[in-house]
Amino acid sequence: MASIGTPLKELNALSWRTRICYSFGHILNDLCAATWFTYLLIYMKNIVQFSSAAAGTLLLLGQIFDAVFTPFVAFEMDKTRNWKYGSRKNWHLAGSVVLASAFPFVFNLCIRCGNAEHWAMFFYYVPFIFLLQLGWGCAQISHLSLIPELADSLHDKCELNAGRYAATVASNIFVFIITWIMLDSGKEASDPNQLSTSDATAFMYVVFIVVGVGLFFVTIFHIGVKERPRDASHEFATKSSRRSASNWVMWFKVPLFYQTAIMYMCVRLIVNITQVYIPMYTLETLHLTKDKIAIMPLIVYVSGFVSTFLSKPLNKYIGRKGVFLCGLITIFAVCIWMWFLPPRNAQVYGVSVLIGVGGSTLLVTALTMLADLIGENVETGAFVYGAMSFMDKMSNGIVVQIIQALYPKKPNAGGFYYKQIMVFVAGTAALVALITLLTTLRKKSTDHIIQGSGQKSISTDDERQCLLPSSSEHSLTTSLGYSWSLLHLKGPLTPYEPFISHSQPENTDETIQLNSGRQHQDYSVNESRSIAS
């Protein structure tokens with residue numbers, strides 16, 4: 001057992017092995033997501049020969065599957081008991097296997113379809129899309145919900161998110177380089193500057209390389225990351241505490257939950273819509289060659305990768321909200337630039353750099369805000385990430401379907417249409433995120449609570465993890481005067497620690513050291529009278 005004077009930071013510091021291996025755990029998801037969002041629409045439209053509406057419907061169905069099933073998966077994940085291998089890691093392993101099994105079928109032509117009708121081919125892809133989204137969601141939520149499980153300090157959470165996003169950027173860069181090589185090597189196409197059915201082989205090689213590399217890094221993640229056993233306190237949680245996995249509905253009473261969800265949804269819209277439509281914007285609006293559909297996203301993610309190294313110092317000096325605001329200003333600037341960008345102009349490389357910097361800054365900060373929101377409430381952490389994923393997937397799927405349905409039928413009208421999409425969709429999402437951010441700034445920085453006969457002042461950042469006493473006269477209290485109970489906003493305060501029977505003489509000072517395997521804190525109990533059980 002650690003000594004009383006051992007700093008909490010030293011006790012819970014993350015090893016470099018954990019930090020590096022954790023960042024590898026989402027690479028399979030990232031590789032598949034980069035291929036899915038960047039190339040699904042153009043693959044289904046130009047190679048499989050689906051209509052724009054049908055291609056958009058497939059993407060919408062995938063997003064709906066993910067959005068609907070992710071919260072249920074998260075709910076079951078939070079209820080999972082402590083397995084020897086790790087409850088989160090078990091879900092991650094199962095999801096990775098399902099994803100790797102289904103994904104190759106989506107980016108390959110229909111097997112033995114021959115001259116089948118398009119509607120039959122459409123339904124051929126649906127079950128594989130369902131399976132890949134199910135596996136993707138399991139791996140994503142389990143990986144995200146490990147952050148508050150592994151990290152105790154805001155510094156460690158920020159580092160895990162930054163490392164995770166750096167791996168995401170590196171994964172996207174890898175996909176775009178492989179796609180560039182494969183498309184450039186395909187000389188059999190009648191028009192080397194336009195995608196056609198003859199490029200199906202190139203995408204087949206890309207997807208098999210993606211899955212193989214992803215499974216390699218999944219193996220490293222499972223070997224290198226050791227999931228901590230949960231502390232015993234959640235076992236005693238009552239139904240009125242957010243520490244209880246069965247009481248996820250408590251989050252709906254927290255205003256910050258909704259504000260964070262809106263900001264996260266807007267960030268995902270900015271990142272995903274620009275990623276989905278940059279190939280069409282490159283080909284039809286800027287009239288560049290087909291190899292640029294790999295080069296332009298590559299520049300976006302290289303610049304995003306570099307900017308992740310600035311997230312840690314920026315968060316330290318100007319805070320989460322300051323960094324988030326900087327990211328929004330960058331997106332506003334790039335939207336204005338894209339509107340006035342002429343075709344076949346070298347300025348497109350500068351636009352790509354700003355998209356990468358703004359998007360990565362916003363996404364890293366939004367994910368860190370999510371970890372901050374969860375705080376110590378790790379037992380319902382998967383539900384929070386599942387709810388955010390629901391908002392993300394539904395909004396992206398619906399927006400993409402609307403965009404595809406409104407595609408103009410006039411010939412050669414797609415260029416200006418995709419220009420409007422890149423500018424106004426990203427700009428509107430950034431505006432909504434800015435308004436939501438301002439509502440969080442207006443909230444009072446401190447709230448006052450009455451404890452017994454005295455008055456305490458706590459910051460709003462502590463609302464998610466502040467602990468209130470179960471009684472003004474007897475409870476296990478911290479040095480701040482708070483007990484183990486989580487603050488139940490706008491509702492009855494119900495402690496979740498079990499009722500303890502004491503039989504001590506009056507005026508006895510007793511120090512109890514709790515060692516839960518996760519935290520080592522000293523609690524002083526000053527009892528003025530004995531407590532009857």
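Tyr124 counts as buried at 18% relative accessibility, where buried means under 20% relative accessible area, exposed over 50% and partly exposed in between, with a 1.4 Å probe and protein chains only. Tyr124 lies in helix H6; helices (H or I, at least four residues) and strands (E, at least two) are DSSP runs, numbered from the N terminus. The model is predicted, so that local features need pLDDT of at least 70 and side-chain atom pairs count only at pLDDT 80 or more, while totals for chains, interfaces and linings use all residues. Residues are numbered from 1 along each chain as its sequence is written, and side-chain values use heavy atoms, with hydrogens and water left out.

Leaving aside neighbours within four places in sequence, Tyr124 is in contact with Phe105, Leu109, Cys110 and Ile111, contact meaning heavy atoms within 4.5 Å. The C-alpha atoms of Tyr124 and Cys110 are separated by 7.1 Å, and the two residues are 14 apart along the chain.

Tyr124 also takes part in the contact between helices H5 and H6. Helix H5 (residues 87-106) and helix H6 (residues 118-144) pack at an angle of about 150 degrees, with their axes 7 Å apart. Here axes are lines fitted to C-alpha atoms, for helices over the stretch in contact, and angles run from 0 to 180 degrees between N-to-C directions. H5 is therefore roughly antiparallel to H6; angles under 35 degrees count as roughly parallel, over 145 as roughly antiparallel, 65 to 115 as roughly perpendicular and the rest as oblique. H5 passes H6 in a left-handed crossing, a term used if the near helix is turned anticlockwise from the far one by less than a right angle, with right-handed used if clockwise. Among the residues that make the contact are Trp91, Gly95, Leu99 and Phe103 of H5, and Phe128, Leu132, Gly135 and Trp136 of H6.

The wider setting follows. The protein has 14 helices and six strands, and buried residues make up 56% of its 533 residues. Among contacts between residues at least 6 apart in sequence, 77% join residues at least 24 apart.

Tyr39 is placed in helix H3 (residues 27-46) and counts as buried, at 1% relative accessibility. Apart from neighbours within four places in sequence, the residues in contact with Tyr39 are Ala34, Phe107, Val175, Phe176, Thr179, Phe203, Ile293 and Ala294.

Which residues touch the most other members of the largest nonpolar core? Of the 140 residues in this core, they are Met44, Tyr277 and Phe324. A nonpolar core is a set of buried Ala, Val, Leu, Ile, Met, Phe, Trp, Tyr and Cys residues joined through side-chain atoms within 4.5 Å. Helix H10 (residues 255-285) supplies the largest share of this core, 17 residues. The core lies between domain 1 (15-228) and domain 2 (251-443), because both give residues to it; the domain bounds come from an automatic or database domain assignment. Not counting residues up to four places away in sequence, Phe324 touches Met263, Val267, Leu362, Thr365, Ala366, Met369, Ala433 and Leu437.

Helix H10 also holds Asn272, which is buried with a relative accessible area of 4%. Beyond residues up to four places away in sequence, Asn272 touches Phe37, Asp392 and Asn396.

Two loop residues other than glycine remain to be described. Gln49 has a positive phi near 75 degrees, and is found in the loop between H3 and helix H4 (52-79). Gln49 is partly exposed, with a relative accessible area of 42%. His287 has a positive phi near 55 degrees and lies in the loop between H10 and helix H11 (292-339). With a relative accessible area of 41%, His287 is partly exposed.
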